[in-house]
Amino acid sequence: MTMNTDAGDDLLQEPGEEDYPTLERQPSHYNPLDTFILAKGDQKHYQQQYADLYFLRLAKLKPAVEALADEEWKDFEIAGEKVRRVDRVLDVRQGELCWVAGTVYMDMPLKPNILDDISKDHWIAAPPPREKYISPSGQDQIMLEDESGRLRLIGTPLQLSMLVTGCIIAVMGTENSNGDFEVVDMKVPDLPRQPQRWERDEASAVIANGTGTKRKPSGEEKASEGGKIAIVSGLGISGDQGDTLTLDLLMEYLLGEACGPSEQTEVSKISRLIIAGNSIAEGTPLALREEDKKASRKYGYDSSAYNPAPTTHFDNFLATLLPSIPVTLIPGESDPANVSMPQQPIHPAMFPRSRNYAAMPDATEPGWFDSVTNPWEGDVDGWRLMGNGGQPIDDVFKYVEGDQRLDMMESLLRWRCGAPTAPDTLWCYPFQDKDPFVIEECPHVYFVGNQPRYDTEVIEGPVGQLVRLICIPKFRETGEIVLLDTDTLEPEIVKFHVHEGNP
């Protein structure tokens, strides 16, 4: 979908006697989850070992993958030998047909190594980050590990499957004379249970309905019919003049000011705007004058080098939209939030105007402006949505061949882990009691921001779960936003383009 260029002609007319109806924006039924909220203050510690996170993940997902593997392989035989299950990696015996579950570890020489970094402190400058960790000489190895030890995996099924560090799998095969486990077949946990639409908002309605048919809670039957959710990422606001025109077009479109009556009716159906990361461009400090350089502080914060223009511009952008449309703000890699996953909500102090629309600190209901975590999940118009700013997919990209982002997104869901490479190559908080990246309920929509291009597909789970996958492109580079229909979950693209004519 593109904006109708002829619609602007409707705005250039003589005043008439015709009465135009007042359009009201479609209401949004919004029920976010706090899955990724960290403890505050003294309750948040970084002294723990990161290895505990892998054990938590294995303990949570191992029963699921073992149940699936046992059902599939319980009567499997090769040359009269029946396969048997072993509890631990080190219980595998040479020449014996068996299967075992564990955590994948990718031994890749080109991956970042903190010990190597420490030993090379004498470098004048750090090497640039690698686009891929894959070794061109074939030195990469796939390991399966648990609390007992590691086992090296080989075999054709591994070459046909997407694997990264941190995913939980079950493998069937036999150990050869070299001590390698030759894989015959492999299983992953696959999609978990998917909640029914509106299940969390009114569980009693689902129980009363009985048949499993999607049913809206009472009083909501007409509230979201024909509604849409707008999703955008990569605004990349830098505060310079180059931001102004395209952002103004987006803002006026969402407010219904850049189109005629027919388009305004469609825009009024947009019930919520979700901003999926990288709203602010990469930090660029102000250039210091010579006299400022001489007087600059050696230690501590130097306020003279801080550039407030990007956040001010973004705050003004949000404050203009918020009286008309509710906004969910997910931080990204370049936004003013903590670097490690899960990123916590951007502090309201960054938005002196927009924070007036946010909920109070002790409120139980979300505000019109909801600054949330990255990753984030919640219910919008009864559908379970899950999304992030792009870091988990961008990190998985470095482990695998090609650039099929939808395949990576599908794999994350089937692994039941939203950030499998954390904490190996993706920074994250050292959780001790629970791994929040484990996907316990299957979403209806899974979106990832700041991707190279727009793409979408629907995947199906083992018991009929349907998930809409959406790659959200960078708005600053493509000028595209995604509109998701809340009745059919069909997405469409709206593209904004500024024509650069010859002078």
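The legends below describe several close-up views of one predicted protein model.

In this predicted model, local features need pLDDT of at least 70 and side-chain atom pairs count only at pLDDT 80 or more, whereas totals for chains, interfaces and linings use all residues. Residues are numbered from 1 along each chain as its sequence is written, and side-chain values use heavy atoms, with hydrogens and water left out.

**View 1. The chain as a whole.** The chain has 11 helices and 20 strands, where helices (H or I, at least four residues) and strands (E, at least two) are DSSP runs numbered from the N terminus. Of its 503 residues, 47% count as buried, a word that stands for under 20% relative accessible area, with exposed meaning over 50% and partly exposed in between (1.4 Å probe, protein chains only). Among contacts (heavy atoms within 4.5 Å) between residues at least 6 apart in sequence, 73% join residues at least 24 apart.

**View 2. Helices H5 and H8 side by side.** Two packed helices are described by the angle between their axes and the distance between the axes. The axes of H5 (residues 244–255) and H8 (residues 309–321) come within 10 Å and cross at roughly 15°; such axes are lines fitted to C-alpha atoms, for helices over the stretch in contact, and the angles run from 0 to 180 degrees between N-to-C directions. That angle makes H5 roughly parallel to H8, since angles under 35 degrees count as roughly parallel, over 145 as roughly antiparallel, 65 to 115 as roughly perpendicular and the rest as oblique. Thr244, Leu247, Leu250, Met251, Leu254 and Leu255 of H5 make the contact with His313, Phe317, Thr320 and Leu321 of H8.

**View 3. The largest nonpolar core.** A nonpolar core is a set of buried Ala, Val, Leu, Ile, Met, Phe, Trp, Tyr and Cys residues joined through side-chain atoms within 4.5 Å, and the largest one here has 45 residues. Those with the most contacts inside this core are Leu153, Leu163, Ile169, Val171, Leu413 and Tyr446, while helix H10 (residues 405–415) gives the most to the core, with six residues. Apart from this core lies another, of 31 residues, among them Ile270, Phe314, Leu321 and Leu329.

**View 4. Val100 in strand S5.** Val100 lies in strand S5 (residues 98–107) and is buried, with a relative accessible area of 0%. Leaving aside neighbours within four places in sequence, Val100 is in contact with Val86, Arg88, Val89, Val92, Leu144, Ile169, Ala170 and Val171. Val100 and Arg85 stand 15 residues apart in sequence and 6.2 Å apart in space, C-alpha to C-alpha.

View 5. Most residues other than glycine have a negative phi, and most peptide bonds are trans. Ala79, in the loop between strand S2 (77–78) and strand S3 (81–82), has a positive phi near 55°, and Ala79 counts as exposed at 85% relative accessibility. Trp198, in the loop between strand S9 (181–187) and helix H4 (203–209), has a positive phi near 70°, but Trp198 is buried, with a relative accessible area of 1%. The peptide bond from Met341 to Pro342 is cis, with omega near -5°, and Pro342 is found in the loop between strand S12 (327–330) and strand S13 (369–371). The bond from Ala422 to Pro423 is also cis, with omega near 10°, and Pro423 lies in the loop between H10 and strand S16 (445–451).
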